[in-house]
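Subject: Structure handover

Hello,

Here is the structure we spoke about, with the sequence alongside. My notes on what turned up follow below.

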Amino acid sequence: MDLFDKCKVELVDRAREAKIYPYFHELESRQAPEVIMEGKRKIMLGSNNYLGLTSNPRVIEAGIHALEKYGSGCSGSRFLNGTLDLHVQLESELADFLGKDSVMTFSTGFQTNLGVISAIAGRSDYIFCDKDNHASIYDGCKLSYAKTIRFNHSDMDHLESALKSVPIESGKLIVSDGVFSMGGDICKLPEIVALAEKYNARVMIDDAHGLGVIGNGGRGTADYFGLTDKVDLITGTFSKSLASLGGFVAGNHKVIDFIRHTSRPFIFCASLPPASCATAIESLHILKEHPEMSAHLLKLAEYMRNGLRKRDIKIRDSITPIIPIYTYEEMRTLCKAKELFDAGVYVNPVLPPAAPPAECLLRTSYMATLTTDLLDEAIDIIESVLKND
């Protein structure tokens, strides 16, 4: 068999043939509540720009100033010529914001989980991974060579059974999303922390969708539960609430220093570009100045949930700005995403492997800059499309 014979995806071919292929739509405007995609207005319900800061004048100005002062890139790794004073500033300010000793940045959020997990877990260690964790966590587990044990989503009995099954003296890491990216639900952090203490494990939370969203002033999942000091490592990204690009890990200074000197995805990668650093810093400043932004975002999400419930649209209960609408079957999900797009609402269809085959969904996500008028318009369109079978 030729190596390239497998280079085909049947579902993609079927979707294209049926003219319901949902990916790579061309965006012709800024990430905002209303966007232009392929020449037409769409209500944007598929962005992770949770605080709406990608269009903030202060954020844009900060990026322009960094380009003018530092140029377009660093052209090297942080170890060599790639460390700017901006990197150090961002790490210091974020550590203070999160209440942790130290922070180090990576060039993407995906790379962060690869780099952290592969650095701290080895062949003799065990990783306990929630089945609904992000793909970057799974790939980090593979890169680490540690033994990975998956536990059923937010099933604490299953997690405890898994912890019991390994030697008590072994190195153990429990890894979970803080806010799960597809379902929008929040991990059971108090129970995770209690089990970690009982079985001598460490805890890592990926807060890509929690930072800027939940917790005091948007400080994330650990703060939301009052457990910042009990979570050993917090990872996240700048590409969502902080309106930029890049990732970070926060934790104990000694551990962060170890990762900084052993993580191959960090050591052998060019550093975060100046404009990305500057825009993340300015977004963090705005968040600190306006902690009410996160609360307003959650109020809009609750407004949308109530509106969908009143129309008998099946959704998952949570408080976060991620609201999955269940469509179950693959082709129905693709059809409904296309109908919504044509009607003026952009959402993200979620298919396997991001969702189980019989639990496909339309992932909707919300920005603090949306208005109730736009949400009402979107609710009307969603109801019309989903009830038109």
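**Around P349**

Leaving aside neighbours within four places in sequence, P349 is in contact with P22, Y23, T333, A337, L361 and L362. P349 itself belongs to strand 12, and its relative accessibility of 10% counts as buried. Please keep in mind that this is a predicted model. As for distance, P349 and S124 are 225 residues apart in sequence, and their C-alpha atoms are 39 Å apart in space.

**Backbone points**

A cis peptide bond runs from P352 to P353, with omega near 10 degrees. P353 is placed in the loop that joins strand 12 (348-350) and strand 13 (360-365).

For F24 the angle is about 65 degrees, and F24 sits in the loop between helix 1 (10-17) and strand 1 (34-37). With a relative accessible area of 72%, F24 is exposed. For N200 the angle is about 55 degrees. N200 is in the loop between helix 7 (189-198) and strand 7 (202-206), and at 54% relative accessibility N200 also counts as exposed.

**Aromatic rings**

How many aromatic pairs does the structure hold? There are seven aromatic pairs. One of them is F238 with F248, a stacked pair with 5.8 Å from centre to centre and 20 degrees between the planes. F238 lies in the loop between strand 8 (233-237) and strand 9 (247-251), while F248 is in strand 9, so this pair ties together parts that are 10 residues apart in sequence.

Y326 is buried, with a relative accessible area of 13%, whereas Y328 is partly exposed at 34%.

K42 has its charged end over the ring of F341, 4.0 Å from the ring centre. R123 lies over the face of Y145, and here the distance to the ring centre is 4.4 Å.

**Helix 2 and helix 11**

Two packed helices are described by the angle between their axes and the distance between the axes. Helix 2 (residues 57-70) packs with helix 11 (residues 274-289) at an angle of about 150 degrees, and their axes are 8 Å apart. The crossing of helix 2 and helix 11 is right-handed.

Which residues meet in this contact? Helix 2 contributes R58, V59, A62, G63, A66, L67 and Y70. From helix 11 come P274, A275, A278, T279, E282, S283, H285, I286 and E289. By type, the residues of the contact of helix 2 with helix 11 divide into nine nonpolar, four polar and three charged.

Regards

Conventions:
Residues numbered from 1 in each chain as written. Predicted model: local features only at pLDDT ≥ 70, side-chain atom pairs only at ≥ 80, totals over all residues. Heavy atoms only, no water. Phe/Tyr/Trp six-rings, centres within 6.5 Å; stacked < 30°, edge-to-face > 60°. Helix = DSSP H or I, 4+ residues; strand = E, 2+ residues; numbered from the N terminus. Buried < 20%, exposed > 50% of the residue type's maximum accessible area, 1.4 Å probe, protein only. Lys NZ or Arg CZ within 6 Å of the ring centre and 35° of its normal. Axes fitted to C-alpha atoms, helices over the stretch in contact; angles between N-to-C directions. Left-handed = near helix turned anticlockwise from the far one by under 90°. Contact = heavy atoms within 4.5 Å. Nonpolar A, V, L, I, M, F, W, Y, C, P; charged D, E, K, R; others polar.
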